[in-house]
Amino acid sequence: MTGAATGLGLGIAERFVADGCVEVHGLDITPTPDRVVPGLQHRTVDVGDAQEVDDCVEAILTAAGRIDILVCNAAIMQDRHEVLQTPDELVERVLRVNFGGVFNLCRAVGRAMKDAGSGRVVTVSSQVAETPWPGMAVYAASKAAVTTFTRAFALEMAPYGVYVNTILPGTMDTNQMRDSFAGLGRMTGADPESLIAAKRTSMPLGRMGTPQDAANLASWLASDQASFSIGGVFDLTGGELWSRS
Ligand SMILES: NC(=O)c1ccc[n+]([C@@H]2O[C@H](COP(=O)([O-])OP(=O)(O)OC[C@H]3O[C@@H](n4cnc5c(N)ncnc54)[C@H](O)[C@@H]3O)[C@@H](O)[C@H]2O)c1
């Protein structure tokens, strides 16, 4: 489980512990999670660093023997920039973490799942992979890469009994969402809190998504109940994606 120190990742990891997973490992670049969850083992890892990921996965496999479930959730939001003002460094950093992180984990854990002949992989993309907004082209492209990669990986892993799917969150109430609206405020001069309030009101269900909403979907996708879905792009937007609210 990556990006488990806060937000959706912490909610999903907490749910896996409650579901009875024998060991739950949270790989996150942030050394201290928002709160201590008994049963969640924190590991400080940069998912964009292939060597760090390989070493961490090897250590878990050596100790535990197998990895049954992988959730690739860690990502960073980009500072809001129009493409014409976007620095090279931003492109490199966002793609390295958001796409490279998913690739590094899927490659390392996928090898072990192939050998085991089973496994569940859930990646976390974004609705902006489908309907991007101005000022976040690189983030949106990194998430489109995650969606497409997930589908290709699902086809490659299907013969080995490994089920791979992705989740497409909409506006979820987390730190990343607050950072994103702060960036929009800087770009437009609008008050971020007013932007957040307006977004909340415009949502079809009258609320943003929560870590628990993400946990409900991830828990199902990681279970045997999701028995005939591979390469699926699962809407977690509360209708925001297709209603363009
Ligand atoms: N919050 C939203 O509205 C929203 C919408 C669409 C998609 N998403 C996606 O959902 C996922 C979770 O989002 P969130 O809102 O919980 O984000 P968040 O920013 O609150 O948490 C992301 C976590 O990833 C970790 N992380 C960042 N870079 C890392 C790195 N290099 N290596 C390891 N860990 C790293 C952070 O430390 C943090 O704990 C992300 O993939 C995000 O892009 C979120």
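**Note on the ligand site and the parallel sheet**

1. A backbone N or O atom of leucine 8 lies 2.8 Å from an oxygen atom of the ligand, a polar contact being a pair of N or O atoms within 3.5 Å. The model is predicted: local features need pLDDT of at least 70, side-chain atom pairs count only at pLDDT 80 or more, and totals for chains, interfaces and linings use all residues. Residues are numbered from 1 along each chain as its sequence is written, and side-chain values use heavy atoms, without hydrogens and water.

2. An N or O atom in the side chain of aspartate 46 is 2.8 Å from a nitrogen atom of the ligand. A polar backbone atom of glycine 170 is 3.2 Å from an oxygen atom of the ligand. The ligand taken alone exposes 830 Å², of which the protein buries 92% (accessible areas by the Shrake-Rupley method with a 1.4 Å probe).

3. Helix 1 (7-19), helix 5 and helix 6 (175-188) are the elements that each give two or more residues to the shell around the ligand. Helices are DSSP runs of H or I with at least four residues, strands are runs of E with at least two, and both are numbered from the N terminus. Helix 6 provides the largest share, three residues.

4. Around the ligand there are 29 residues, of which Asp28, Thr30, Asn73, Tyr139 and Thr174 come nearest; a residue is counted if one of its heavy atoms lies within 4 Å.

5. Four strands form an open sheet in the order 3-4-5-6, with parallel pairing; two strands pair if DSSP finds at least two bridges between them. Strand 3 (69-72) and strand 6 (233-236) stand at the edges with a single partner strand each, so one side of each has no neighbour in the sheet.

6. Strand 3 and strand 4 (residues 119-124) pair in the parallel sense over four bridges. Leucine 70 has valine 121 in strand 4 as its bridge partner.

Definitions and conventions
A polar contact is a pair of N or O atoms within 3.5 Å; within protein, one must be able to donate a hydrogen and the other to accept it, and residues adjacent in sequence count only if both atoms are side-chain atoms.
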